[in-house]
Structure formats: C-alpha cells, structure tokens
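User: Could you walk me through reading aromatic pairs and buried residues in a structure? I'd like the general idea and then a real case.

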Amino acid sequence: MIRIGILGAAKIAPLAMITPASKRADCEIICVAARDPGRARSFADTHGIPDIAASYEALIARDDIDLIYNALPPNRHADLTIAALEAGKAVLCEKPFAMNAAEARAMTEAARRTGRPLVEAFHYRFHPMFEEILRQLRSGAIGRVCAIKAEFSVAIKDTPGELRHEPALGGGALMDLGCYALHWARNVAGSQATVTAASSRVGRRGVDLETSADLTFEGGATARIHTSMLAGQRFKALLAIQGTDGLLLASNPLHPSFGNSITLRHGKSVNRYSVSGDKTYDYQLAHLLDVMWGKASPLTGGADAVANMALIDAIYSAAGVNRPVS
C-alpha cells in the first residue's frame, strides 16, 4: 500500500490525486498540509482525508508517508521537493517543475542523490492519445517532422489571490499554460531546441499574459509556441505537426477524455479519429506507482524537466520579461 501526503489544499489536488487514488486499492491519501491548519482541516473533511499536518515540514517528516504530491505554487517546488526526497519520499511535483532551470537541476540532483523517484505532473503525457501521436510519428505516418505549432490558452482572471498573476509565486501564461505547449513540441521533436525569437505581453502585476516563441530544434525542425491567459481568451489546446509527407493535427491533447481528435492529412486524403481512454490523471497515478515499484522508468522529470525549464528561461529572456530571482 502506497501512503500519500499532499502539500497544499490546492484546487488541482482533487482532480490530480484524490479522485484517482480513490479508484485504486493499492494507495491511499492519509494526510494534507496547508499554510493555514484551519484550511487544511476543512479540505481534509471535504475530501475524506484522515489527518492533517501542522506544517509542510511536519508532513514531510512523517514516517507513515511514501509519496508526496507537491501541489503548491512553483515558488515552493524546489525547497519542499528536495526536503521530501531527502526524507526518503517519492515526489509527484506539479508543473511547472520549478521557478527556473537552476532550481530544476537542484531538484533532479536531489532525486539522483537519494535514489527516490521524482516525476513532473505533465498528466497529458501518460494518456493513450499522446502515445498514439508519438506512435504515428515513429511509424513515419507524415514523414520527417519539419514544423510544429503548439498552443494552450485559456482566460485566467486577474483576481485577488490568483497565484497565476503573482510573479513571486511563479505566475505567468508561459509558466502555467505555455509549459504544456512547449512540452508537446519537445516530445514531438525529440531533440534539444534553441529560441530564435520571443515576445510577451506583460500585465499590471508583472507576469506575462500572452507569450509567443519561435524555436529551432536539432535536425532543423522549427516550432511556434503560443499561450495566452488574457481576459476573454477562449480555450485552445492544439498541436499541429507538418512532416515531409503529410500533416498531423491533434485537438485537445491536454484533456483527451473530454473530447479529442487526431487528423492525418496526405494530399487530399484525410483520416480523422479519436482516442478513447480514462482521465489523464488516472494514467499519471498509475505510471507513478509503477515507477515506485520499479516497473517503469519516469516519462517526465529528470533531464526532461530541466530542459523544459531551461527553454522557459530562454523564452522569457528573449522576450525581455523580468522575473523574480529565487
């Protein structure tokens, strides 16, 4: 039985961990911690969690926890993830992995040093839809990849307490949304990238509300990344891959269980289909447990997480966006 502790009474926790764990007999959530113990107690009562810890550090120190889910804002990813690893816990850390690549390297080094699993919560990556996209590319369905367009955008209102509009907490469209589009493109290209151009629209609190970037990958493929959390922005989760022999369009690779499609075009021939499956978070937890039991190697985290954060850093730098120094 894998015993789970949650850092943060976060909105994402029920979707990403509590509900998936409730469907399984091989894991259980036993404790949650929040900045405010009263909030932790209310959260625990609402979601049927047996116990609360007085602090994040107290939860990490418990000897009856095997896995920590770090659902906190990015500014608390590095210090608490490293502390959990050093306490002998496996960690599922929410995206974006850290505030910057330097923190990501420190986190992955701690995982290597302690020998404990550290997985980044890019939940889409574990769903059969993205495996199908990669299978089509590996099979040569559209030939050699030449160009990629990726976008994840959705409106996020600038309201009091909204962490994604707080620079010091790791907010920003690229950090919260664009990290997905960037990760899609990197997985498709399968190689390292450099930033050739970038631009951002910065809001009143100093975070980017909209960012676009052009990338060039080793081997010559290019990518255009776009993300927006502007007021009125409609939901977009799209991935387009142009190959030498055709085009692959993927609609909603983020949450395929809410509706998705893959379209393959070769000249006038069009093949459109969807990929069935459970929710992405169910596959994420299943993969994480397999990693803990030695049945699988992590699909996210490690060098992959460092590379994604390094590109985020480079995009912000190219766009001239000033970010907090951690």
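Analyst: Happy to; we'll go through the aromatic rings and then one arginine. Keep in mind that this is a predicted model.

User: How many aromatic pairs does a search of the whole structure find?

Analyst: The search turns up seven aromatic pairs.

User: How do I decide what geometry a pair has?

Analyst: Look at the angle between the ring planes: over 60 degrees counts as edge-to-face. Take Y124 and Y180: their planes are at 70° and the ring centres 6.4 Å apart, so this pair is edge-to-face. F122 and Y180 also form an edge-to-face pair, with 5.3 Å centre to centre and 70° between the planes.

User: Which parts of the chain does the F122 and Y180 pair link?

Analyst: Distant ones: F122 sits in the loop between β6 (118–120) and α6 (128–138), while Y180 belongs to helix α7 (residues 173–189), 58 residues apart. Y124 lies in the loop between β6 and α6 too, 56 residues from Y180. F122 and Y180 are both buried, and Y124 is buried as well.

User: Which residues make up the aromatic cluster?

Analyst: F122, Y124, F130, F152, Y180, W184 and F235 form one cluster.

User: And R186: why does it count as buried?

Analyst: Buried means under 20% relative accessible area. R186 has 12% relative accessibility, so it counts as buried. R186 is found in helix α7. Leaving aside residues up to four places away in sequence, R186 touches S191, F217, D304, A307, N308 and L311.

Methods:
Residues numbered from 1 in each chain as written. Predicted model: local features only at pLDDT ≥ 70, side-chain atom pairs only at ≥ 80, totals over all residues. Heavy atoms only, no water. Phe/Tyr/Trp six-rings, centres within 6.5 Å; stacked < 30°, edge-to-face > 60°. Helix = DSSP H or I, 4+ residues; strand = E, 2+ residues; numbered from the N terminus. Buried < 20%, exposed > 50% of the residue type's maximum accessible area, 1.4 Å probe, protein only. Contact = heavy atoms within 4.5 Å.
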